[in-house]
Amino acid sequence: MTTVYSKVQELENVIQLSKHEQLVQGVINAIEDKVVTQGSMLPSVNSMVKELGFASKTIVKAYSELKDRGLIESKNRLGYFVINEATEQTAKVALLIYAFHPFQQVFYNTFRTALGENTQVDVYFHHNNIDIFETIIGKINNRYSMYVIAPIPHIQTKFLLNQLPARKLLLVDRYESLDGNISHVTQEFKQATYDGLAALSDSIQQFREMILFFQPDSDYPIGLKEGFQQFLKDFGISGRITPSYTPGTVTSDTVYFTISDHDLWGILKDCKTQGLEIGKDVGILSNSEDPVKEIICDGITTLSTDFAEMGQAAAEFIMNRQPVQQTIPTKLNKRKSL
């Protein structure tokens with residue numbers, strides 16, 4: 001009778017394989033040959049030690065790698081079970097982000113393509129809601145080989161993320177200080193916003209006022225607001241912050257700094273209706289890059305992180321399993337609108 005034990009023992013004479021590798025490949029062969037299928041219970045560590053004569057730490061290490069590949073899982077006091085028969089898969093990744101905003105879709109597309117077909121990526125959205133965030137963390141913990149997470153700036157976030165294994169966790173987009181040396185591929189907001197505005201100061205000073213649309217109860221990064229306020233103070237610019245754009249209120253001699261594209265489209269529509277020339281009568285700065293912004297109205301000036309670069313760097317972390325601490329720079333794309 002063919003068993004998991006026999007599939008491992010078949011590899012004893014393959015001198016290139018260590019005992020750990022022999023066990024991993026033996027279990028994989030058992031899955032591929034339908035000796036065990038999804039839902040099947042694997043032999044316990046003690047049983048493996050008794051039947052094969054391997055050290056218990058070798059068995060545990062092999063089972064841990066099979067878990068990282070998303071092929072098996074451990075259930076408390078019950079043992080190890082096969083959960084996936086896709087043995088060509090090399091990793092099972094949980095991706096937890098805010099929502100599918102256009103720039104986050106750029107991140108995802110690059111991330112997904114770079115990882116290739118052999119990596120399973122399950123996408124979750126927390127929508128900047130800490131209750132949803134907590135529920136998802138509880139659901140995904142101990143079920144994935146890697147965790148890629150855009151954290152919420154909230155007092156509970158550190159506690160929740162510290163429940164995940166540090167070596168398997170990558171923070172993306174927003175940085176959050178956690179216990180230990182956590183890997184991250186994130187952006188910086190306060191200084192980057194200040195520097196971008198400073199580079200535009202000559203253009204901004206040609207207008208009477210600058211308005212930032214910033215919703216305090218949204219997922220907008222507070223550092224962006226702080227950088228804007230510091231810029232106004234240091235450069236003596238007349239400006240203010242308001243939650244969102246009210247349709248029909250566009251005024252000339254004003255620079256509008258938008259985070260939401262909904263606000264941007266409203267301003268552009270009203271400029272067209274009132275015959276205001278963008279870049280001359282009204283200045284516009286958008287916080288995120290989008291291909292359409294290169295074209296519309298002869299170009300909208302943007303201040304944005306390269307989310308494709310972020311996605312590529314995140315994928316490399318998954319593939320290489322090497323710690324990374326990287327801040328993706330914010331780039332100013334100066335166009336006709338300002």
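Helix 8 and helix 10 cross in a right-handed sense, meaning that the near helix is turned clockwise from the far one by less than a right angle. This is a predicted model, in which local features need pLDDT of at least 70, side-chain atom pairs count only at pLDDT 80 or more, and totals for chains, interfaces and linings use all residues. Residues are numbered from 1 along each chain as its sequence is written, and side-chain values use heavy atoms, without hydrogens and water.

Helix 8 spans residues 190–199 and helix 10 spans residues 222–235. Their axes come within 7 Å and cross at roughly 40 degrees. Contact means heavy atoms within 4.5 Å. Helix 8 contributes K190, T193, Y194, L197 and A198. Helix 10 contributes residues including L224, F228 and F231. By class, this contact has 7 nonpolar, 4 polar and 3 charged residues.

F228 also takes part in an aromatic pair. Rings pair if their centres lie within 6.5 Å; planes under 30 degrees apart are stacked, over 60 edge-to-face, and the rest tilted. The rings of F228 and F257 have centres 6.3 Å apart and planes at 55 degrees, so this pair is tilted. F257 lies in strand 10 (residues 254–258), 29 residues from F228 in sequence. F228 is buried at 0% relative accessibility (buried is under 20%, exposed over 50%, partly exposed in between, with a 1.4 Å probe and protein chains only). F257 is buried too, at 0%.

The count comes to 14 aromatic pairs. F100, Y108 and F125 form one aromatic cluster.

Conventions. Axes fitted to C-alpha atoms, helices over the stretch in contact; angles between N-to-C directions. Helix = DSSP H or I, 4+ residues; strand = E, 2+ residues; numbered from the N terminus. Nonpolar A, V, L, I, M, F, W, Y, C, P; charged D, E, K, R; others polar. Phe/Tyr/Trp six-rings, centres within 6.5 Å; stacked < 30°, edge-to-face > 60°.
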